[in-house]
Amino acid sequence: MTYPPLMTHEIGSLAKPSWKVKASAGTLLNDDDISAADTWGDILDIEGKEELLQLLKKRSDFTHADKQLILHFASLYAIRFQEKAGLDIVWDGEQHRVEMYEYPIRRIKGFNFRGHVRSFDNKYYHKASCVGRPDCEDHYHVHEYEAIASQADKPVKIPITGAYTLVDWSFDEHYCADVHPGLDSIAEARQKARHRFLEDISKRIIYPNLKALANHGAAFLQIDEPAATTKKNEIDAFIESVRHSIGDLAGKAFFSAHICFSEYKRLFPAILQLQGVLDEIHLEYANRDSRELGTSRRERPGYDILDLFKDNKFVVGLGVLDVHTDFIEPPELVRDRILYACDVLKDPSRIFVAPDCGLRTRTWEVAFQKLRHMVEGRNLAIHALGLD
Amino acid sequence: MNILLPGQYPRSERLIAASRDFDRGRVTEKELEDVRKRDIKELERVQKGLPFHSPGLFHWQDLLRPFDGLLENTQSESLSRFFETNTFWKLLELKGAFHIKEEFLDEWANNHFFAEGMLHKDAKLVFTLPFVFLFHEFSRGFSLKQIVKVLETAAKSLGKYPHKVLCFYEPVLGWRTITPEEKQAAVELLEKLKKSITTPIYIQTSFFSLKGFWKLLYELPADGYGIDFYANSFHAAMQSFPKDKALLAGFINTDSTLIETDEKCRGFIKLLNDHLPAGKTFLTPNAPPELLPREIMDKKILHLKEILK
C-alpha cells in the first residue's frame, strides 16, 4: 500500500475539554466552561453546537444520557480540531478513555487494581496486578472506532496500548506465583513467567482487539509502546510481543508502533525483524532537537537516530513538535526537520509527520497552533521538494 | 532473624491524595502534615517488634533530593528513569561552586531522618543514603571526590545518634561497569566512616544479577551486604560471602503484589538458617519498598512477622 508523501497525524491524547471533565466528575460547570464550548464550537464549525450549549447550561446533575451526549460532542470537537488543523489522519485524542493504561486494563479480565505507585515526585499512577490468565471480555476499542469513524471526514487512526507496556506497567501475581527467591535458576524462572504473561496479553488481548478493529474497517492502527526499551534485556521479548499481537493481520491494515522518551538505540537491530509486520515506527525527536533553523546534522541533533532507518522499509513517523513545551514551532523549523529527514532517508514517501507524542498536557489553544504550524511546515517542505 | 526496611516506604493512598491536593492548592501545609504524621504512626504500628524501624521517608521525593537542601548551587529538575522501573528520579545537578551547608546538618537530619522531630533521637532506626555509584549515576557536575565528601558529611552527622544502622543503597552494581576510580571512591568513603562512626554500615543492592560483581561488593569494607534474591541465586551469593558480615536478604518481592506464601517464607528462612547465623541476617524488600502500594507492603510485612514468630 502506498500513501502520499509526508502525511500528517496526531499521536495520542488531547486535553479533555473542561466541560466534559466536569460533567463526568459531577463538578459544577461555570461560565468559562460554557464559553469555551461556544468559542471552540465556532472555531471548529461544530454541527449541533446549540444542542450542547443548551445541555451544558444545566451546569450539574447530568444524567447518564446527558453524559453520553457530552462525550459524543467532546469526541466530535476533538475530531474537528484535528481536521481543522489540516491533519490527514485523525481521531479523537482519547476523549473516550481515562488514559492509556487504566482504560484497557479495566476492560481485560484477570486484573485487579492494587493501589497507587509513584511515577515521580507527587505524581502517582494506579497500578493493577494480573491475578489470573487474562481474557478479552470485549473488543474495547471497536465502539470508540465506530463512533469516531461515523463523525470523521478524514481517514481515522486508532491507537491501542501495546502488550509490552501493559505487562511492564502491571504487577504479576499469576505467572510468577511459582517463582521462588534464591533459586539457582531464578533468572530463567522469572524470564519464563514474564514471557508467558507477555505472550498471553499479545495473543489473547491485543491480537483479538486489533483483529476486531481491522474487521470493522479501521485502516490505521497504532500500537503504543512507551515502555518498549525500559528493560535492556527484554528487547527481543518486546519484538516477539509485537509479532504475536499483529500475527496474520499484517498487510490487512496500516500498523504503526509509537515509542517515546526512550533509549532508541536499544531497539536496533532487533526491530528490523518487524519489517513486513509493522509499517511505521514513530519516535519522539523534537524534544531532543535544537530550535535553530537549518537542515545540517549540526542543527538537527535530535534526529541522529534516523541513520538507523536508512536501509530498511519502515515508514518513519517523524516527531516534529515537542509536546512538553508551549513553544510554538515555526513552520520553517518544522520544514527543516522534515527536509533533514528527507535528506537522510532519500525518500519522502517513507515519512509521516506528527508531534513527538500526545498533546494532552498542552491547552487547546497551544495544541491547535502547534498542529497548524506542523501542517504549514509540511506544506513548505513539499514545496521545497518540488512535490506540489 | 528479623525484618529490616531500608529505603522509602510507600505512602498511603490518603497521603498520596493529600500530597496531590497540596500541590493543587486544595489543602494547607498543616493538613498535609497531619496526614503524613498519621502515616508515620501507622508505619510504627506495622513495625512494632522489629529491632530497627524505618522512618518512612514519606516526604522524600527520591534518595538524592534531600541533598538539594544540604548543598548550595544545586537544582533538581531533569527527570531520569530509575533503572528499569516506571518510576523517575530527578537528577541532582551542581550548577556553581560546591559547598555543603554544614551549619544546617542537625536541622537537615531532624527533618529528613527523624520525621521532623516525630521520632526520638535515641530510637532504633534504619537510615538510608544513596551510595557512591548511585549518587554518581543520578547527579551531574559533581566529582567523585565531592560525592565522597557529601556522603561522608551526611553519614557522620547521622553517626552521632545512637542505636542506628546505616544502609547505603546501591543498585548500580550489576547495571553497568564500575570504574576503578569509582571503586576507589567507594572504598575511601567506607574506610573514612569506619574510622569515625560506630554505626553499622550496610550496602544494599537490587534489581540486577551480581554475576561478575560479587568480588567488588564483598571487598567493600562494610558490615553487611544486601542482595536481591529475585535477581540472584542464593548459592551464587553464598559462594564467597564473608562469614563475619550481615546479610540483608532481599526476599520481599516489590515486583509482585502477591503476598509471599507461608511455604515460600518458610523455605527461604530455612535456606538462610542452614547457611548463616540468625543474628546476622535480616529479611528485606528486594528493591525500594515504595515500588509497591502501601496496603500491599504493610500486608507483606505483617505476614512475614507472623511467620517469624
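In this predicted model, the contact draws 39 residues from chain B and 31 residues from chain A. The size of an interface is often given as the accessible area lost when the parts come together. Between chain B and chain A the buried area is about 3300 Å², with carbon and sulfur atoms giving 47% of that area. On the side of chain B, the residues that lose the most area to chain A are Glu84(B), Asn86(B) and Tyr230(B), which together account for 19% of what that side buries.

The second largest pocket has a volume of about 1200 Å³, and of the 48 residues that line this pocket, Arg190(A), Lys231(A), Glu234(A), Phe207(B) and Asp255(B) are the closest to its centre. By class, the lining consists of 18 nonpolar, 13 polar and 17 charged residues. Several elements of chain A supply at least two lining residues each, namely strand 3 (123-136), helix 7 (163-168), strand 5 (171-172), helix 8 (186-215) and helix 9 (235-246); helix 8 of chain A gives the most, with nine residues.

Helix 10 of chain A, residues 331-345, should span 21 Å because its 15 residues are taken at 1.5 Å a residue, and the distance of 21 Å between its end C-alpha atoms agrees with this. The helix is mostly covered, with 12 of its 15 residues buried, among them Pro331(A), Asp336(A), Arg337(A), Tyr340(A) and Leu345(A). The buried residues of helix 10 pack against strand 9 (315-319), strand 10 (351-354) and helix 11 (364-384) of chain A. Just after helix 10, Lys346(A) takes a positive phi of about 65°.

| Residue | Phi | Relative accessible area |
|---|---|---|
| Asp121(A) | near 45° | 12% |
| Phe261(A) | about 50° | 31% |

Asp121(A), which lies in the loop between strand 2 (108-120) and strand 3 of chain A, counts as buried because its relative accessible area of 12% is under the 20% cut-off. Phe261(A), whose place is in the loop between strand 7 and strand 8 of chain A, is partly exposed, since its value of 31% falls between the limits of 20% and 50%. The loop between strand 7 (254-258) and strand 8 (280-283) of chain A also holds Pro269(A), and the peptide bond from Phe268(A) to Pro269(A) is cis, with omega near 5°.

Notes
Residues are numbered from 1 along each chain as its sequence is written. Chains are lettered from A and ligands numbered from 1 in the order in which they are written. This is a predicted model: local features need pLDDT of at least 70, side-chain atom pairs count only at pLDDT 80 or more; totals for chains, interfaces and linings use all residues. Side-chain values use heavy atoms; hydrogens and water are left out. Helices (H or I, at least four residues) and strands (E, at least two) are DSSP runs, numbered from the N terminus. The expected span of a helix is 1.5 Å times one less than its number of residues. Buried means under 20% relative accessible area, exposed over 50%, partly exposed in between (1.4 Å probe, protein chains only). Contact means heavy atoms within 4.5 Å. On a 1 Å grid over the protein atoms alone, a cavity is a set of points where a 1.4 Å probe fits but cannot get out, and a pocket is an open set with protein on both sides within 12 Å along at least five of seven lines; lining residues have an atom within 4 Å of a point. Grid points are joined across faces, edges and corners, and a volume is the space filled by probe spheres set on the points. Ala, Val, Leu, Ile, Met, Phe, Trp, Tyr, Cys and Pro count as nonpolar, Asp, Glu, Lys and Arg as charged, and the others, Gly among them, as polar. Buried area is the accessible area (1.4 Å probe) that two parts lose on being put together, summed over both.
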